[in-house]
Amino acid sequence: MIHQPVRLRIMAALMTLGPKEQVDFTHLRDLLAATDGNLGAHLQRLDEAGYIAVEKTFVARKPRTWVKATGLGRDAFAGYLATLKRIVEGSV
Amino acid sequence: MDVSDEEARKSLDLIQEAAQRARQWFAFAGGDIVFILWGVIWVLGYLSSHFLPRVTGWIWLVLVVGGVAASVLLMRRYAAVRSPGGWRISTFWFLLYLYVSLWVWLVLPFLKVKGAEESAAFWRHYGAIAATVPMFAYVVTGLWLENLLVWVGLGVTVLTVLGLIVLQSYFFLWMAATGGGALIGTGLFVRYRWRQPCQTSTG
């Protein structure tokens with residue numbers, strides 16, 4: 001699930017924030033140089049896996065979508081990162 | 001896990017790059033415009049202090065009130081991150097100005113300024129305090145958020161003190177150029193050089 005490059009970047013970006021902090025969809029899209037559809041599809045996969053939480057709000061009557069990593073997503077990312085490090089260090 | 005050593009290295013590089021760019025992007029999204037806005041306010045305000053000393057107080061008042069209101073709206077519109085603790089930074093700035101204003105109000109009656117020369121020196125120092133207080137806030141905020149704020153805060157503070165000591169008659173012009181220029185330059189740097197998307201993003 002997480003190993004796919006775009007999803008890996010999404011999780012890496014979300015992990016820079018605190019557990020209660022959310023990032024705006026458009027900023028995440030621009031940061032990852034992705035299209036709306038592409039990012040939306042990857043977020044949906046992560047959401048279905050329970051790795052992220054998506055919240056839709058209105059700011060000045062304009063819809064905004066906020067994304068954050070869940071505890072499950074943080075654990076999964078940390079586990080994947082640890083595995084990658086072990087592979088590089090030659091212990092796997 | 002069926003991942004080769006080479007693939008693992010690439011994934012770790014990808015994670016590191018994404019995290020680095022995300023930190024810079026998230027920290028200053030919206031902040032770049034606010035930097036430029038306050039740079040312009042400083043340029044206009046300090047130019048008014050030099051060329052229009054009789055009305056500069058009113059000009060500063062309009063600029064600062066307008067700047068604070070515009071900053072709040074810009075951050076609400078353009079900020080990348082929504083944080084439950086975000087109010088603490090705004091509260092810190094508000095309390096800092098409350099404390100400084102309190103002491104200025106308490107100390108002012110005891111300052112005996114005589115003649116035009118002393119009056120000019122007083123306003124130069126007052127202008128320097130007004131410039132370095134937000135810079136102190138930059139330094140403190142930067143310790144939590146991003147080192148760039150620490151360097152901008154310290155840099156402008158040094159330039160302010162330097163101008164106060166060396167360029168007395170041209171202090172306000174110096175502040176318009178260096179202080180305002182530093183804020184505008186920082187905003188442009190963050191906007192065009194720092195806030196860069198990840199290198200590649202396919203799939």
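The exercises below, each with a worked solution, concern helix packing and salt bridges in a predicted model.

**Exercise 1. Determine how helices α5 and α6 of chain B are oriented to each other, and which residues make their contact.**

Step 1. Locate the two helices. Helix α5 of chain B covers residues 115–144, and helix α6 of chain B covers residues 147–166.

Step 2. Take the geometry. The axes lie 7 Å apart, and the packing angle is about 160 degrees.

Step 3. Classify the angle. Angles over 145 degrees count as roughly antiparallel, and α5(B) and α6(B) are therefore roughly antiparallel to each other. The crossing of α5(B) past α6(B) is left-handed.

Step 4. List the contact. On the α5(B) side the residues are B:R124, B:H125, B:A128, B:A131, B:T132, B:M135, B:Y138, B:V139, B:T141, B:G142 and B:L143. On the α6(B) side they are B:N147, B:L149, B:V150, B:V152, B:G153, B:L154, B:V156, B:T157, B:T160 and B:L164.

Step 5. Sort the contact by class. It has 12 nonpolar, 8 polar and 1 charged residues.

**Exercise 2. Describe the crossing of α1(A) and α1(B), including its hand and the residues that meet.**

Step 1. Locate the helices. In chain A, α1 spans residues 5–14; in chain B, α1 spans residues 5–28.

Step 2. Take the geometry. The two axes come within 8 Å and cross at roughly 45 degrees.

Step 3. Classify the angle. Roughly parallel requires an angle under 35 degrees, and roughly perpendicular one of 65 to 115 degrees. α1(A) and α1(B) are therefore oblique to each other, and their crossing is right-handed.

Step 4. List the contact. From α1(A) come A:P5, A:L8, A:R9, A:A12 and A:A13. They meet B:S11, B:L14, B:I15, B:E17, B:A18, B:A19, B:A22 and B:F26 of α1(B).

Step 5. Sort by class. The contact of α1(A) with α1(B) divides into 10 nonpolar, 1 polar and 2 charged residues.

**Exercise 3. State how many salt bridges the structure holds, and examine the pairs A:R64 with A:D24 and A:E55 with B:R82.**

Step 1. Side chains of opposite charge can pair when their charged atoms come close.

Step 2. Examine the pair in chain A. A:R64 and A:D24 form a salt bridge with an N to O distance of 3.3 Å. The pair joins distant parts of the chain: A:R64 belongs to strand β3 (residues 62–69) and A:D24 to strand β1 (residues 22–24), 40 residues apart. Both A:R64 and A:D24 are buried.

Step 3. Examine the pair between chains. The closest N and O atoms of A:E55 and B:R82 are 2.9 Å apart. A:E55 is partly exposed at 34% relative accessibility, and B:R82 is partly exposed at 29%.

Step 4. Identify the network. Salt bridges with shared partners connect A:R29, A:D30 and A:D36. Within it, the side chains of A:R29 and A:D30 meet at 3.0 Å, N to O.

**Exercise 4. Decide whether B:R21 is buried or exposed, and list its contacts beyond four places in sequence.**

Step 1. B:R21 is in helix α1 of chain B.

Step 2. Apply the cut-off. Buried means under 20% relative accessible area; B:R21 has 18% and is therefore buried.

Step 3. List the contacts. Leaving aside neighbours within four places in sequence, B:R21 touches A:L31, B:Q196, B:P197, B:C198 and B:Q199.

Conventions: Residues are numbered from 1 along each chain as its sequence is written. Chains are lettered from A and ligands numbered from 1 in the order in which they are written. This is a predicted model: local features need pLDDT of at least 70, side-chain atom pairs count only at pLDDT 80 or more; totals for chains, interfaces and linings use all residues. Side-chain values use heavy atoms; hydrogens and water are left out. Axes are lines fitted to C-alpha atoms, for helices over the stretch in contact, and angles run from 0 to 180 degrees between N-to-C directions. Helices (H or I, at least four residues) and strands (E, at least two) are DSSP runs, numbered from the N terminus. A crossing is left-handed if the near helix is turned anticlockwise from the far one by less than a right angle, and right-handed if clockwise. Contact means heavy atoms within 4.5 Å. Ala, Val, Leu, Ile, Met, Phe, Trp, Tyr, Cys and Pro count as nonpolar, Asp, Glu, Lys and Arg as charged, and the others, Gly among them, as polar. A salt bridge is a side-chain nitrogen of Lys or Arg within 4 Å of a carboxyl oxygen of Asp or Glu. Buried means under 20% relative accessible area, exposed over 50%, partly exposed in between (1.4 Å probe, protein chains only).
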